[in-house]
Structure formats: structure tokens, C-alpha cells
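This report walks through a few features of one structure. Keep the sequence and the 3D view at hand.

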Amino acid sequence: MATSPPYPTHPTGPTGGALRHAHWWQKRWVRYGALTTLLTLSGLVILALVREQTGTEGFLVGLGLAVLPVPLLVASFRWLDRVEPGPWRNLVFSFAWGAFAAALIAIIANSFATRWIAIATADPSHADTLGATVIAPIVEETAKAVAVLLVFLFRRRDFTGIVDGVVIAGITATGFAFTENILYLGTAFGTDQLSGDRGIASVTAATFFVRVIMSPFAHPLFTVLTGIGFGIAALSGPRQHVRRVLLPISGLLLAMGMHAMWNGSSAFGEYGFFAVYAAFMVPTFGLLTWLVIWTRQRELRTVREELPAYVMAGWLAPSEPFALASMRARRMARQYARRRGGPTAARAVAQYEAYATSLAFLRHRGRRGRAGADFAVRERELLHELWGRRGFARPALEHAVTAAQAWPAYRYAAPVPGHWQPQPQPQPYGQGYSSPAAPYPAYNPYRT
């Protein structure tokens with residue numbers, strides 16, 4: 001008797017035959033290679049342009065100061081994404097797009113537009129003001145939104161809600177702000193070199209205080225509005241085409257408006273910057289922080305409500321929905337696995353938690369009629385991933401439940417109508433790394 005569900009090893013077509021080979025331009029390595037080449041070239045060009053404007057010494061000073069807030073911002077967005085952490089490749093792409101591609105688009109488009117307005121109006125000062133308050137917000141937010149759009153379109157399985165939109169948008173904007181800060185801080189350092197200013201009275205210190213200390217979240221805050229629009233669109237049904245288009249556009253327009261208000265704050269008088277900062281930026285930041293944390297709690301509630309259906313079917317142990325719906329229990333499970341089985345076991349438990357969360361979200365979308373046509377295929381894939389890691393994860397999660405000393409009653413979710421459901425075939429549960437075999441049943445989804 002088999003010890004795990006007999007999933008197919010090769011994809012098949014609608015008639016049961018093997019799928020045709022993809023054309024060379026459809027192969028993953030070709031797409032990844034092209035994207036990597038594009039981002040690398042963009043990075044080389046934008047860094048060369050920034051170094052040309054700031055000088056080598058200014059570039060190095062700007063780079064050293066601009067990198068300081070990056071780890072904090074990335075860690076903050078990664079913390080928000082702990083319930084269902086997305087793959088690092090998405091974050092690396094988002095940061096690289098913001099730092100290289102979006103920054104290159106912005107510096108070229110802003111310079112061209114400002115120069116054109118100055119020539120057309122014969123008023124360079126007016127062109128600079130118009131460029132900062134109108135052109136820059138439109139160009140920069142659009143350039144950053146492209147990264148969110150690409151992840152939304154081509155990494156759809158990793159983009160399932162508001163938190164994903166916030167994280168991708170925030171990381172993209174963090175990369176953009178990083179490159180922009182190199183330019184501003186390097187230019188300020190060059191100005192100080194010419195004027196001889198040093199210390200707190202220098203332009204570099206003032207620029208560092210405004211951009212790195214007071215408002216490191218400014219660019220992420222703007223672009224997060226776009227990410228929320230895409231995140232709500234991801235929660236929409238597959239037939240709600242108008243909503244899926246209008247929501248991201250609305251978020252983008254809000255991001256442009258907030259960005260324009262921030263850039264134009266100096267026009268509101270001597271204390272315009274502080275007025276906009278206190279009246280708009282701080283409350284908006286607080287509101288968005290609350291929204292994201294509330295959304296994360298709702299995600300944990302979804303895990304708690306959806307996974308008991310798989311307990312009833314035998315795929316999960318009865319204690320697992322509670323452990324997986326508690327960030328504290330998850331952390332305790334990973335720590336237990338690391339103590340007993342080392343980094344490999346801890347990584348397996350972390351992956352088990354992520355796959356189980358994805359399974360809960362998939363089922364939630366299915367029950368609400370928002371799952372795609374690949375619901376059953378995706379469900380099988382996730383269950384297969386869970387099955388392969390159960391030896392490490394179940395003992396760790398059971399330990400976390402015992403250590404937490406709580407086990408609430410569950411409201412079991414009803415099966416999703418019209419979708420595949422696992423069917424029982426009793427089999428012995430495999431050996432875990434810290435406990436003998438236990439009588440958990442295995443299940444064969446292809447049994448008729």
C-alpha cells in the first residue's frame with residue numbers, strides 16, 4: 001500500500017496526453033534571463049548617471065547614507081507578510097525594479113519633461129515647480145506601479161490579497177527611494193564641498209534628516225496606495241473585470257495625489273512641509289498600518305476557519321488549525337523543529353506553514369466563488385507539498401499546541417461545491433523526526 005497520495009509526475013493535456021513543449025521564448029530561463037539582463041543594464045545606467053551628477057566621492061557618501069533605512073523598511077514589510085510569506089525572488093525583483101528600472105525611467109522622463117516645459121514657457125523656475133508637483137508624481141508612481149502590475153499578472157499565485165499588494169509596492173518604493181536618496185545626498189555633499197559647510201549646519205545633514213530620519217516611509221507610503229488597489233482587485237471574482245481594472249487605477253491616482261501634495265508642501269508657506277507631514281502623512285501612515293495589521297488578523301482567522309475541513313478529511317492533524325492560526329504557535333513550532341532537527345527541519349516547518357496558509361486562502365476563495373479554473377490542480381499541489389513535509393511539521397505543531405496550553409473549538413467549513421474533495425483510504429502515518437509512527441490516515445485523491 002502506498003505511503004503518500006499518488007500524484008502525477010508529469011503534466012497532461014485536456015485529453016490525457018502530454019503537454020506540448022513550449023516555444024523557446026516561453027521557457028522560464030529565457031524570461032528570467034531577459035528580465036535579469038534588463039534590470040542589470042538599468043542598474044548600470046542609473047548608477048552611472050547618478051555618479052556623473054554627484055561625483056565619485058558624493059556618490060559613495062550618498063550610497064553609504066542611503067542604505068541605512070533599507071534594512072529596516074525591508075524587515076518591516078517582511079514582518080507584515082509573515083502569515084503567508086511570499087518568495088524572496090518577488091521581493092528581490094521588486095526592489096531591483098524600483099532601484100534600477102523605475103529610477104531610470106523617472107530620471108529620464110522627469111528631466112525631459114522639465115526641460116520641455118522650461119523651453120515652452122521660457123520660465124525655468126516655473127518649470128521646476130511644475131515638474132516636482134505634477135510631472136514627478138505621475139512619472140514616478142507609474143514607473144513603480146509597473147512592478148506591482150508585473151507581479152500581479154505573472155506571479156498571480158503569490159498575489160492573493162491586500163497584504164501582498166502592500167508588500168510588493170512597499171519593497172518597490174524602498175528600492176526607488178534608495179536610489180533617489182543616493183542622488184539627493186550625493187548632490188548635497190557636493191554642495192557642502194563647494195561652500196565649506198560641515199556638521200549639523202551642512203546641507204547633507206539637513207537632507208539626511210528630512211529624507212532618512214523624518215520620512216523614510218514617504219515613497220513606500222505613496223506606492224502602498226497602488227498596492228492596496230491591486231490587492232483588493234486580487235480579492236475580486238474572476239468575472240469582475242471592471243472592478244479589477246478600476247481599483248488599481250484608483251489606487252495609482254491616490255498615490256499620485258499624495259505624492260504631489262508631499263512635493264508641493266513647500267508652496268504652502270514656511271511651515272508647509274511640517275503642516276503636510278502632521279496633517280496628512282502621519283495620519284495616513286497610521287491608518288494604513290492599522291489596515292494592514294487588521295488584514296493580517298483576518299488572514300489568521302481565515303486559516304482557523306478553513307483548515308478544519310482538511311482535518312475532517314484526514315490531511316491535517318486536529319491540532320494544526322489552531323497552531324497555524326497563531327503567529328506565536330508558528331514561531332514555537334519552528335524553534336522546536338530547529339532544536340530537534342536543525343535548520344533543515346525548521347525550514348520544512350516554515351514551508352509547511354506557508355503551504356497550509358495558501359491552502360486555506362485557496363479554499364476561502366473557492367467557497368466565495370472566486371477561485372480560478374485551476375482550483376483542483378492547485379489544491380492537489382498544495383496538499384502534496386504538505387504531505388511531503390508532515391514528518392517534520394506535525395510533531396513540531398503538536399508541541400506548539402501543547403506549549404500554548406489552548407485548543408479552541410473549531411467551526412468546520414463546508415466542502416466547496418463542485419470541487420474535488422480528498423477521500424479516505426486508511427494508511428499508516430510515516431516516521432517523524434522526533435516521535436514514532438502514529439495512526440494518522442493518508443488519503444488517495446484519485447480513488448473513486
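Helices here are DSSP runs of H or I, at least four residues long, numbered from the N terminus. A residue lines a pocket if it has an atom within 4 Å of a point of that pocket. The model is predicted.

## The second largest pocket

Start with an open space in the protein. The second largest pocket has a volume of about 1000 Å³. Its lining counts 38 residues. Closest to the centre are Glu140, Glu180, Tyr184, Arg211 and Asn263.

Which of them gives the most? Helix α5 does, with 8 residues. By type, the lining holds 19 nonpolar residues, 15 polar ones and 4 charged ones.

## Glu306 and its two arginines

The structure holds 10 salt bridges. Glu306 takes part in one with Arg363, where the closest N and O atoms are 3.6 Å apart. This pair links distant parts of the chain. Glu306 sits in helix α9, Arg363 in helix α12 (residues 327–367), and 57 residues separate them.

Glu306 also meets Arg367 in a salt bridge, at 2.7 Å from N to O. Arg367 lies in helix α12 and Glu306 in helix α9, so this pair ties together parts that are 61 residues apart in sequence.

Are these side chains buried or exposed? Glu306 has 0% relative accessibility, so it counts as buried. Arg363 is buried too, with a relative accessible area of 1%.

Another salt bridge joins Glu385 and Arg389. Their closest N and O atoms are 2.6 Å apart. Both residues lie in helix α13 (residues 375–404). They are 4 residues apart, about one turn of the helix.

The two partners fall in separate classes of accessibility. Glu385 is partly exposed, at a relative accessible area of 27%. Arg389 is buried, at 16%. Salt bridges that share partners also join Arg157, Arg378 and Glu381 into one network.

## Asp81 in its loop

Where does Asp81 lie? Its place is in the loop between α2 (70–80) and α3. Asp81 counts as buried, because its relative accessibility is 5%.

Which residues does Asp81 touch, leaving aside neighbours within four places in sequence? The contacts are Gly86, Val163, Asp164 and Val167. With Gly86 the detail is clear: the backbone nitrogen of Gly86 lies 2.8 Å from a polar atom of the Asp81 side chain.

Asp81 and Arg296 are 215 residues apart in sequence. In space, their C-alpha atoms are 8.1 Å apart.

Notes
Residues numbered from 1 in each chain as written. Predicted model: local features only at pLDDT ≥ 70, side-chain atom pairs only at ≥ 80, totals over all residues. Heavy atoms only, no water. 1 Å grid on protein atoms, 1.4 Å probe; cavity = no way out; pocket = protein on both sides within 12 Å on 5 of 7 lines; lining within 4 Å. Points joined across faces, edges and corners; volume = space filled by probe spheres on them. Nonpolar A, V, L, I, M, F, W, Y, C, P; charged D, E, K, R; others polar. Salt bridge = Lys/Arg side-chain N within 4 Å of Asp/Glu carboxyl O. Buried < 20%, exposed > 50% of the residue type's maximum accessible area, 1.4 Å probe, protein only. Contact = heavy atoms within 4.5 Å. Polar contact = N/O pair within 3.5 Å; in protein donor to acceptor, adjacent residues only side chain to side chain.
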